[in-house]
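Please consider the following structure, with attention to its helices and to the sheet they accompany.

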Amino acid sequence: MKQNKSFWKGALFGALAILLAAGLVFCGIRITGLGLGAADVSAERKFSKIRQLIDENFLGEVDESKLEEGIYKGYLSGLDDPYSVYYDEEETKELYESTQGEYSGIGVVISQNINTGIITMIQVYEDSPAEKAGLKDNDVLYKVGDMEVTGMDLSEVVSYIKGERGTSVRLTVLRGEDGEEIQVTAVRDQIEARTVEYRMLENQIGYLSVSEFDSVTYDQYAEALEKLQQQGMEALVVDLRNNPGGNLQTVCDMLDLILPEGTIVYTEDKDGNRNTAASDEEHQLDIPMAVLVNGNSASASEIYAGAVQDYGMGTIVGTQTYGKGVVQQIFDLGDGTSVKLTIAEYFTPDGRNINGEGITPDVEIEYEWDEADPEADNQLEKALEILKDA
């Protein structure tokens, strides 16, 4: 992997500077355990009053650590930003594992609708614990254990599904148009994300599907490109439908294998500071290309599609993408916990910020389910038609 692009990982990750002294200082509020010290008298009185009410009235046992974690989670939620989140120690561990492409889990990719908060299983890995338990693509995740997860932060939900190898997790999903409720139990195992699939289609058109951008994805992608080229590939379809994004460094390295020399993507922070990732002239793809996208193609997927579109390298086919044009960083708080904050906007090579807008395909076509032929894919057929005429 090239080292000349200093970008953030994960769903665009990094590190936060938070002042740690005798307690944890948040805008003048010092929190030591659940006690409050100097600086903000009003806040100190309010927290003290709440604690007094809990001590005098709450029916049940009080878990001090959970109360403290709740303060941090609530504080971040006050930013009213769905991408800025506090992670406790276990959630942080799971979060970093998820960016590596190797983890202990059940082998399923999930995506969340930003408007409804509904979480959908968009890919169940073949021969995975999820598949063995009976889970299927397009199942809607309703509960993890007894906990309803709709509307929860997606990374938090992932942390609940993953866990120690050999342990089990009970999931409730809703399936089909009638929303049939199905409960399964999956036994966690070591999973290496299979993020790239490829095959040669008719007329020597290569097909390469990328399900997410993890640390393992670059090598899988590079190998797929090489093998398709060895088979005499004359055109290429890259399928990013339902790809929620992932590691920014990975997508930049992948784009460097196909783009001409120039900007891949750049970011700007709140002070206007710019950070640019660029491709060199060593590798370029000089065959007709199409990129498939839909409403679940987000973040790094949009960086890929946006760069291909701006350079005129290929035709974007499908429906409007998700529209996540902001960058998050993960900041290590030094005690095993972390904070994810939105810290910058990203821009395509031509300077487009697609946050809230998404990438508009060059050829817009809705996916049409064919009950008579479930394997039919009218969007892929359109891409193939375009490439045959190129």
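In helix α2, the residues Ile71, Tyr72 and Leu76 are buried, where buried denotes under 20% relative accessible area with a 1.4 Å probe and protein chains only. Viewed down the axis of α2, the buried residues lie within an arc of 125°, so they line one face of the helix; the arc is taken from the directions from the helix axis to the C-beta atoms. The model is predicted: local features require pLDDT of at least 70, side-chain atom pairs count only at pLDDT 80 or more, and totals for chains, interfaces and linings use all residues. Residues are numbered from 1 along each chain as its sequence is written, and side-chain values use heavy atoms, without hydrogens and water.

Helix α7 (residues 248–256) is mostly covered, with nine of its nine residues buried. Helices (H or I, at least four residues) and strands (E, at least two) are DSSP runs, numbered from the N terminus. The cover over the buried residues of α7 includes β14, α6, β16, β17 and α8, contact meaning heavy atoms within 4.5 Å.

Six strands make up an open sheet of mixed pairing, in the order β13-β14-β15-β18-β19-β22. β13 (196–201) and β22 (363–364) stand at the edges with a single partner strand each, so one side of each has no neighbour in the sheet; strands pair if DSSP finds at least two bridges between them. β13 and β14 pair in the antiparallel sense over six bridges, and Val196 stands opposite Val210 in β14.

Notes:
Buried < 20%, exposed > 50% of the residue type's maximum accessible area, 1.4 Å probe, protein only.
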